[in-house]
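Please walk through this structure with me, one region at a time. The sequence and the coordinates come first.

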Amino acid sequence: MTTQIPSREQILDWLNDNPTTTSKRDIARAFGIKGQAKIELKRILREMEDEGLVERRRKSFREPSKLPPVTVLEVLRPDSMGDLWAKPLEWEGEGAEPLILMIPKAGEEALGPHDRVLARLTETPDEQYDYEARPIRKIGSAAKKVVVGIFRKTAEGGRIVPIDKGQDKEWHVPQAAAMEARDGELVEAEQSAPRGRMGLPLARIIARLGDPTAPKAVSLIAIHQHGIPDRFPDEVIAEADAARPAGMEGREDLTHMPFVTIDPGDARDHDDACFVEYDRDPANEDGTILWVAIADVAHYVTPNSELDREARMRGNSSYFPDRVVPMLPDRLSGDLCSLHEGVSRAVLVAKMTIDADGNKVRHSFHRAMIKSVASLEYGQVQRAQDGNPDEQCEPLMEEVIEPLYDCYAALLRARARRQPLNLDLPERKIVLSDSGKVLSIQFKERLDAHKLIEEFMVLANVAAAEELERLKRPLLYRVHEEPSQDKLESLREVAQASGFKLAKGQVLRTSHLNHLLEQALNSDFNELINMSTLRTMTQAYYYPQNFGHFGLALKSYAHFTSPIRRYSDLIVHRALISGHGWGDDGLSQWDIEHLEETAKQISDTERRSMAAERDTTDRYLAAYLSERVGNEFTGRVSGVQGFGLFIRLDETGADGMIPIRAIGNEFFHFDREAQTLTGADTGIEITAGMRVLVRLVEAVPVTGGLLLDLLQLEGAELPSSRRSARRKGRPGTSAPRKIGALKAKTRAKARKVKRERKSK
């Protein structure tokens, strides 16, 4: 009986169906080929290999551009949904590397970024990824953790003292892993082993960051500590450098309209421009037409490009007093996408018709080209409106600046009816010298020029959300849900303790909170009530479904006005482009299918940037105050915890801590629900909002920590022994020494208990 040799098509089909058994012996066994017939099979496989139909790896055959069924993978970072992905260590196929989803076995050691595993692959043609990988064994470990800290040289190599206020464990660095770091130098290190012979986790230094006391190291610490990527890959830079200015094709020519940009004096980019004209329609008497033009970033950052993937990963720009970590390279953010004066720039424009009462009557969107007639600053515009225009503003008064303020006046009337949350939290600005040293802490100005632009941007964002809803296009909403009942009850207690009232037993509206804020206005409790109200709020986030924006009292809200620095706005721009059929650079199918993942990703990166920016501010404030240790400051209790008090200083807005053992020579009971500390002997009750006089004991610029000593407490008499000790000029001695003694006693007691248990 003659053996039937399979055709090439049959062999390819079988290889597809059996990716884990691909040797010549497996193929022969599958088709029942024996004896001399194996020679013919070998000839066919060689011909298929020569023609590129299959590819031989050692003794197995597979289709080209496919991975072998068992291969070595490098584990990547989890995505925003928590899924773990991997890439092949060797990829010789055509096109992009395949997308591989890791499926770890339950109960096995967790895998982390850069771990190397031998895994068995299964193709997934019907999924959004190419393979599923099931680990066989781990063959290489990655660094488990990264730390930024101060290197302290020792005879055995060195130790790293973390700069994070929440981390007190030191790391041991062997001599060979110290990278010749100097004592006291700021370093970045990764864990190399869970524990060394000294009992500390082992680490190796991967970057020397320089002098931690150098003024400009402050933001660098936060950038590394929070893992904010501050360098663009070469391929991203190359793609940005290859970009050319957009042309007029497919765009409306609005270059004749006198758009202006209004920004801070130190603005690094200009992504929005405005123009207002009076509406000539007799049906809209005293109405205006507001044009808001936003840089057309989508023209340059197209779906799935190198720029797009990097921007999505970063999520947003991060702003520090001495630098910006941008979402996009400077070729785009500072040049092609920045609406510079006198230069034609591609934009998306929201045209909004507004009636005399500030209501938006209608809107339309346009893909256009504009040419800004002036790059103005907030203070400059405000001075011009107040009757003191400079040479640049003088010729713009009648046609540009006055209509802007007339439109704003109408929008204020609509705002008063809508009643968005009206928090009064003055921002403090850190003023640095050229070298990065803190010169002063100032309050940021809040001019009508600032509020004008904010109102224009809010209205444009509303129009974008409503337009995409009309077009039935997917988008990312900016969602802000109303606060929980528990947080509201806490706010109500703070209000009552301060002598104010917050409505109860009805559907909460922002107008109720505004009434509370109005009660506190011009009182000693104004900042406390504003801060407490802010803490009551939920955190805003991005999501493809609409749950409204509580704080702004708006039903539909999306971010449209800052695509240079926020990826969310770029998604909205793409949705508008797709919805109006303006080009092939709109939302891709991948964008649509991964909207929820993108929302989670950029919400997380936004929080990461906020934390890094907050930590940087804390460190600059600590550096500024480090020269005033021993000085007395007034402040207010901003938080109460079982371990002590948080104090906000009046002068700088800096937050410091008074350890509980530094409050008084008695036991204090902490009431978590009421957020109070009550002295067991004196009955002193300490609550948020109480005025205090404190002495600065310690200011640590590297961590941003401030340690305070309590001198006076509003409405309470401190024990005389505490007051007399402080008056003797020993700032900070009592609290640290008492805490140190307490820790020593605790450790001694723990050792005693351990010995007793062991003896039993």
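Lys472 counts as exposed, with a relative accessibility of 72%. Exposed means over 50% relative accessible area, buried under 20%, and partly exposed in between (1.4 Å probe, protein chains only). This is a predicted model: local features need pLDDT of at least 70, side-chain atom pairs count only at pLDDT 80 or more, and totals for chains, interfaces and linings use all residues. Residues are numbered from 1 along each chain as its sequence is written, and side-chain values use heavy atoms, with hydrogens and water left out.

Lys472 sits in the loop between α10 (448–470) and β24 (477–479). Helices (H or I, at least four residues) and strands (E, at least two) are DSSP runs, numbered from the N terminus. The phi of Lys472 is near 55°, a positive value in a residue other than glycine. Most residues other than glycine have a negative phi. Asn522 also has a positive phi, of about 65°, and is not a glycine. Look for Asn522 in the loop between α12 (510–520) and α13 (526–536). Asn522 counts as exposed at 76% relative accessibility.

Now the chain as a whole. The protein chain holds 18 helices and 33 strands. Of its 760 residues, 48% count as buried. Take the contacts (heavy atoms within 4.5 Å). Among those between residues at least 6 apart in sequence, 64% join residues at least 24 apart.

Next, the aromatic rings. Rings of Phe, Tyr and Trp (its six-membered ring) pair if their centres lie within 6.5 Å; planes under 30 degrees apart count as stacked, over 60 as edge-to-face and the rest as tilted. The count by this rule is six aromatic pairs. Phe365 belongs to strand β20 (residues 360–371), while Phe560 lies in the loop between β25 (541–543) and α14 (567–580), so the pair ties together parts that are 195 residues apart in sequence. Both Phe365 and Phe560 are buried. The rings of Phe643 and Phe646 have centres 5.9 Å apart and planes at 90°, so this pair is edge-to-face. Phe643 is partly exposed at 45% relative accessibility. Phe646 is partly exposed, at 30%. Tyr541, Tyr543 and Phe547 form one aromatic cluster.

Turn to a helix pair. Helices α6 (residues 306–314) and α16 (residues 595–625) have axes that come within 7 Å and cross at roughly 60°. Axes are lines fitted to C-alpha atoms, for helices over the stretch in contact, and angles run from 0 to 180 degrees between N-to-C directions. α6 and α16 are therefore oblique to each other. Angles under 35 degrees count as roughly parallel, over 145 as roughly antiparallel, 65 to 115 as roughly perpendicular and the rest as oblique. From α6, Arg312, Met313 and Arg314 meet residues of α16, including Glu597, Gln601 and Arg608.

Last, a sheet. Three strands form an open, antiparallel sheet in the order β29-β30-β31. β29 (668–671) and β31 (685–687) are the edges; each has a single partner strand, so one side of each lacks a neighbour in the sheet. From one strand to the next, the twist averages 20°. Two strands pair if DSSP finds at least two bridges between them. Four bridges join β29 to β30 (residues 676–679). Asp671 stands opposite Thr676 in β30.
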